Amino acid sequence: MPLRSAHARKEPACVRLSATHPLAGQEQIELTDLAGETWTTLTDDGDGAPKAMADACLRAGFTPTLRYRIADRKVRWELIAAGRAISLCQPTSPPAEGTVLRPLVGDPLTGRIRIAWNRAAVSERRAGLLYRAAARAYLDSIPNNTFYRTWWESRPELHPVLD
């Protein structure tokens, strides 16, 4: 079983906003419609997500107002539910009371789906077990959001092989 892929797996980012936000009723949201919003994000974990978000917003014609950097996801979601900020999220994120997840029109921002291990410390067999467990956990989270399930089902080339 090859554990490396020649093609990086990617998923579209979506936006989490308060269930009472004026855009919450839309099925998809244009990134440009979020130009005047206050944003929150997790602290940068080295994956480049904050810069990618800023770059996507710049391509859409605005600089995001990033007011909050919050490491605790629950606190972040409470802030969003209160209508004080919005945030980009993974489409597999679980529901959070008082918030909604909406896809962005045209997938202007994507995130990589990846798993890494130390080849010197983890055998190929154990790496395969790790990969399959992580892939199954990811697949279990796809039903969290109807829009993502539809997106995922239309892209079978991204589906992992789980021998």
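Tutor: Helices (H or I, at least four residues) and strands (E, at least two) are DSSP runs, numbered from the N terminus. Residues are numbered from 1 along each chain as its sequence is written, and side-chain values use heavy atoms, with hydrogens and water left out. This is a predicted model, in which local features need pLDDT of at least 70 and side-chain atom pairs count only at pLDDT 80 or more, while totals for chains, interfaces and linings use all residues.

Student: How many helices and strands does the protein have?

Tutor: Read along the sequence, the pattern is β-β-β-α-β-α-β-β-β-α-α. The totals for the protein are 4 helices and 7 strands.

Student: What radius of gyration does the protein have?

Tutor: The radius of gyration is taken over C-alpha atoms, and the globule rule is 2.2 Å times the number of residues to the power 0.38. The C-alpha trace spans about 50 × 30 × 30 Å along its principal axes. For 163 residues a compact globule would have a radius near 15 Å, and the protein agrees with this at 17 Å.

Student: Is Arg76 buried or exposed?

Tutor: Buried means under 20% relative accessible area, exposed means over 50%, and partly exposed lies in between (1.4 Å probe, protein chains only). Of the 163 residues of the protein, 37% count as buried. Arg76 is found in helix α2, and because its relative accessibility is 5%, Arg76 counts as buried.

Student: Which residues does Ala19 contact, leaving aside its neighbours within four places in sequence?

Tutor: Ala19 is found in the loop between β2 (14-18) and β3 (38-41), and at 41% relative accessibility it counts as partly exposed. Its C-alpha atom is separated by 5.5 Å from that of Val100, although the two residues are 81 apart along the chain. Taking contact to mean heavy atoms within 4.5 Å, the partners of Ala19 are Ala24, Gly98, Thr99 and Val100.

Student: Which cysteine has the sulfur nearest to that of Cys14, and how far away is it?

Tutor: Cys14 is in no disulfide, and Cys14 is buried, with a relative accessible area of 0%. The nearest cysteine sulfur to that of Cys14 belongs to Cys89, at 5.7 Å.

Student: Which residues line the second largest pocket?

Tutor: On a 1 Å grid over the protein atoms alone, a cavity is a set of points where a 1.4 Å probe fits but cannot get out, whereas a pocket is an open set with protein on both sides within 12 Å along at least five of seven lines, and lining residues have an atom within 4 Å of a point. About 200 Å³ of space lies in the second largest pocket, where a volume is the space filled by probe spheres set on the points, which are joined across faces, edges and corners. The lining is made up of Pro12, Glu27, Gln28, Pro103, Leu104, Val105, Gly106, Asp107, Phe147 and Trp151.

Student: Where does Asp107 lie?

Tutor: Asp107 is one of the residues lining the second largest pocket, and at 28% relative accessibility it counts as partly exposed. Its phi is near 50°, a positive value in a residue other than glycine. Asp107 lies in the loop between β6 (99-103) and β7 (110-113).

Note on methods
A disulfide is a pair of cysteine sulfur atoms within 2.5 Å.
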